[in-house]
Amino acid sequence: MTGDKDMMTLMRMLQFTDSTFPVGTFSFSNGLETASFEHIVTDADSLESFTRSQARQAAFSDGVAAILAHRSFKTGDYERIKDIDRRLIMFKMNSEARQMSCRMGKKLAELAVRLFDDSVISCWLSDIRTEKTPGSYPVAQGIVFGVAGIGEKELFCSHQYGVVNMVLSAALRCVKVSHYDTQLILEKLAGEVSCLYEEASVMELDDMNAFYPELDILASLHEKGNMRMFMN
């Protein structure tokens with residue numbers, strides 16, 4: 001039975017991480033659309049650098065929040081989860097990033113209440129709908145992965161994969177790169193996840209940081225620009 005449970009947990013992780021999981025990731029580019037339009041990302045090398053920056057920024061902000069939410073779910077501290085959620089949204093500088101996180105987070109919560117009979121998830125979705133909490137995607141991930149019995153390392157890997165894959169999938173639509181290029185970049189960045197987790201796993205809310213000003217500038221340009229293949 002232990003083996004069956006492990007396989008079920010693995011299947012759930014694959015389900016939540018799959019690019020077709022219906023939370024809307026295909027609608028966003030994590031700033032790549034503007035970076036391509038401004039000729040900052042033009043080939044595989046510049047795409048790798050851009051994606052690495054996005055992964056690091058996410059690891060030490062969203063990744064930290066996801067880990068802390070997961071731990072708070074495990075200890076039954078629901079008020080702490082809501083505090084993490086509010087702090088994370090306040091941490092994001094541009095409105096499109098906040099919008100992306102909240103839309104995806106609400107969608108994940110709506111899916112989760114259909115997948116699991118769990119009072120915390122039901123309460124979480126209710127609080128999102130009544131605007132008692134923003135409902136950010138990383139915090140929702142922390143809760144859902146906790147309910148599904150998936151550990152925090154696996155949660156962090158899934159989170160990182162989602163960030164990287166979002167950028168690389170968008171790149172195939174707006175940068176002159178091939179599937180071979182994007183898969184090689186994914187392979188390289190996968191080798192860096194362990195080090196990112198070691199740093200993020202010992203951080204608290206006050207330790208979160210995302211000082212990549214170019215990424216926020218690109219996001220602000222997108223908000224006022226005419227590039228609208230993606231929502232951000």
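These exercises work through helix packing and salt bridges in a predicted model.

**Exercise 1. Helix 3 against helix 11**

Find the angle at which helix 3 and helix 11 pack, and classify their orientation.

Solution. 
- Step 1. Locate the two elements: helix 3 covers residues 44-59, and helix 11 covers residues 193-200.
- Step 2. Take the geometry. The helices pack at an angle of about 25°, and their axes are 10 Å apart.
- Step 3. Apply the cut-off. Angles under 35 degrees count as roughly parallel. Helix 3 and helix 11 are therefore roughly parallel to each other.
- Step 4. Helix 3 and helix 11 make a right-handed crossing.
- Step 5. List the contact residues. Helix 3 contributes Ala55, Arg56 and Ala59, while helix 11 contributes Leu196, Glu199 and Ala200.
- Step 6. Sort them by class. The contact of helix 3 with helix 11 has four nonpolar and two charged residues, with no polar ones.

**Exercise 2. The partners of Glu48**

Identify salt bridges of Glu48 and state whether Glu48 is buried or exposed.

Solution. 
- Step 1. Start within helix 3. The side chains of Glu48 and Arg52 form a salt bridge, at 3.1 Å from N to O. Both residues lie in helix 3, four residues apart, about one turn of the helix.
- Step 2. Check accessibility. Buried means under 20% relative accessible area. Glu48 has 13%, so Glu48 is buried. Arg52, at 24%, is partly exposed. Lys188, at 40%, is partly exposed.
- Step 3. Join the pairs. Salt bridges with shared partners connect Glu48, Arg52, Lys188 and Glu192 into one network.

**Exercise 3. Glu110 and Arg129**

Describe the salt bridge between Glu110 and Arg129, then place each residue by accessibility.

Solution. 
- Step 1. Test the distance. A salt bridge needs the nitrogen within 4 Å of the oxygen. The side chains of Glu110 and Arg129 meet at 3.9 Å, N to O.
- Step 2. Place the residues. Glu110 sits in helix 6 (residues 95-115) and Arg129 in helix 7 (residues 119-129). The pair links distant parts of the chain, 19 residues apart.
- Step 3. Compare accessibility with the cut-offs. Exposed means over 50%. Arg129 has 53%, so Arg129 is exposed. Glu110, at 23%, is partly exposed.
- Step 4. The structure holds 10 salt bridges.

Technical notes:
Residues are numbered from 1 along each chain as its sequence is written. This is a predicted model: local features need pLDDT of at least 70, side-chain atom pairs count only at pLDDT 80 or more; totals for chains, interfaces and linings use all residues. Side-chain values use heavy atoms; hydrogens and water are left out. Axes are lines fitted to C-alpha atoms, for helices over the stretch in contact, and angles run from 0 to 180 degrees between N-to-C directions. Angles under 35 degrees count as roughly parallel, over 145 as roughly antiparallel, 65 to 115 as roughly perpendicular and the rest as oblique. A crossing is left-handed if the near helix is turned anticlockwise from the far one by less than a right angle, and right-handed if clockwise. Contact means heavy atoms within 4.5 Å. Ala, Val, Leu, Ile, Met, Phe, Trp, Tyr, Cys and Pro count as nonpolar, Asp, Glu, Lys and Arg as charged, and the others, Gly among them, as polar. Buried means under 20% relative accessible area, exposed over 50%, partly exposed in between (1.4 Å probe, protein chains only).
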